[in-house]
Amino acid sequence: MSVKVRIPTILRTYTGGQAEVPAEGATLSEVIASLEKDHPGIAARVLDDQGKLRRFVNVYVNDDDVRFEGGLDAATPDGAGVSIIPAVAGGC
């Protein structure tokens with residue numbers, strides 16, 4: 001399955017500045033592996049040392065939060081949009 005992955009500004013150094021890149025995979029896990037193959041180093045920013053999604057990284061397939069759709073096993077249908085969104089914190 002071919003999907004389009006929207007890359008946040010902070011991770012664009014791995015994609016040569018591209019805001020959106022193609023990736024292949026029927027599941028989010030496969031899509032991340034495809035991203036890593038084409039853009040080495042990006043997976044370490046999305047996954048922790050145990051290979052799970054980092055706590056402060058939100059990932060959506062279309063409009064669905066993958067944490068409620070199977071996590072790394074979430075389906076990524078052909079033509080889907082995958083968004084990687086780092087959590088933002090701060091304030092007083």
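Buried means under 20% relative accessible area, exposed means over 50%, and partly exposed is whatever lies in between (1.4 Å probe, protein chains only). With that in hand, Arg6 counts as partly exposed, at 34% relative accessibility.

A word on the source. This is a predicted model, where local features need pLDDT of at least 70 and side-chain atom pairs count only at pLDDT 80 or more, while totals for chains, interfaces and linings use all residues. Residues are numbered from 1 along each chain as its sequence is written, and side-chain values use heavy atoms, with hydrogens and water left out.

**The sheet**

Helices (H or I, at least four residues) and strands (E, at least two) are DSSP runs, numbered from the N terminus. Two strands pair if DSSP finds at least two bridges between them. Five strands make up an open sheet with mixed pairing, and the order is E2-E1-E5-E3-E4. The edges are E2 and strand E4 (64-65), each of which pairs on one side only.

Let's walk through some of the pairings. E1 and E2 run antiparallel and are joined by five bridges; Ser2, for instance, has Glu24 in E2 as its bridge partner. E1 and E5 run parallel, with three bridges between them, and here Arg6 is partnered by Ser83 in E5. E3 and E5 go back to the antiparallel sense, over five bridges, with Ile84 of E5 as the bridge partner of Val59.

Helix H1 (residues 28-38) has Leu28, Val31, Ile32, Ser34 and Leu35 as its buried residues. Look down the axis of H1 and these buried residues fall within an arc of 160°, so they line one face of the helix. (The arc is taken from the directions between the helix axis and the C-beta atoms.)

What do they pack against? The buried residues of H1 pack against E1, E2, helix H2 (42-46), strand E3 (57-61) and strand E5 (81-86). Contact here means heavy atoms within 4.5 Å.

**Two salt bridges**

A salt bridge is a side-chain nitrogen of Lys or Arg within 4 Å of a carboxyl oxygen of Asp or Glu. The structure holds two of them, and here they are:

| Salt bridge | N to O distance |
|---|---|
| Glu20 and Arg6 | 4.0 Å |
| Asp38 and Lys37 | 3.8 Å |

The side chains of Glu20 and Arg6 meet in a salt bridge, and that pair links distant parts of the chain: Glu20 sits in strand E2 (residues 20-24) and Arg6 in strand E1 (residues 2-6), 14 residues apart. Glu20 is partly exposed, with a relative accessible area of 37%, and Arg6 is also partly exposed, at 34%. In the salt bridge between Asp38 and Lys37, Asp38 is partly exposed at 43%, whereas Lys37 is exposed at 67%.

Finally, have a look at Asn62, found in the loop between E3 and E4. Asn62 has a positive phi of about 55°, although it is not a glycine. As for accessibility, Asn62 is partly exposed, with a relative accessible area of 39%.
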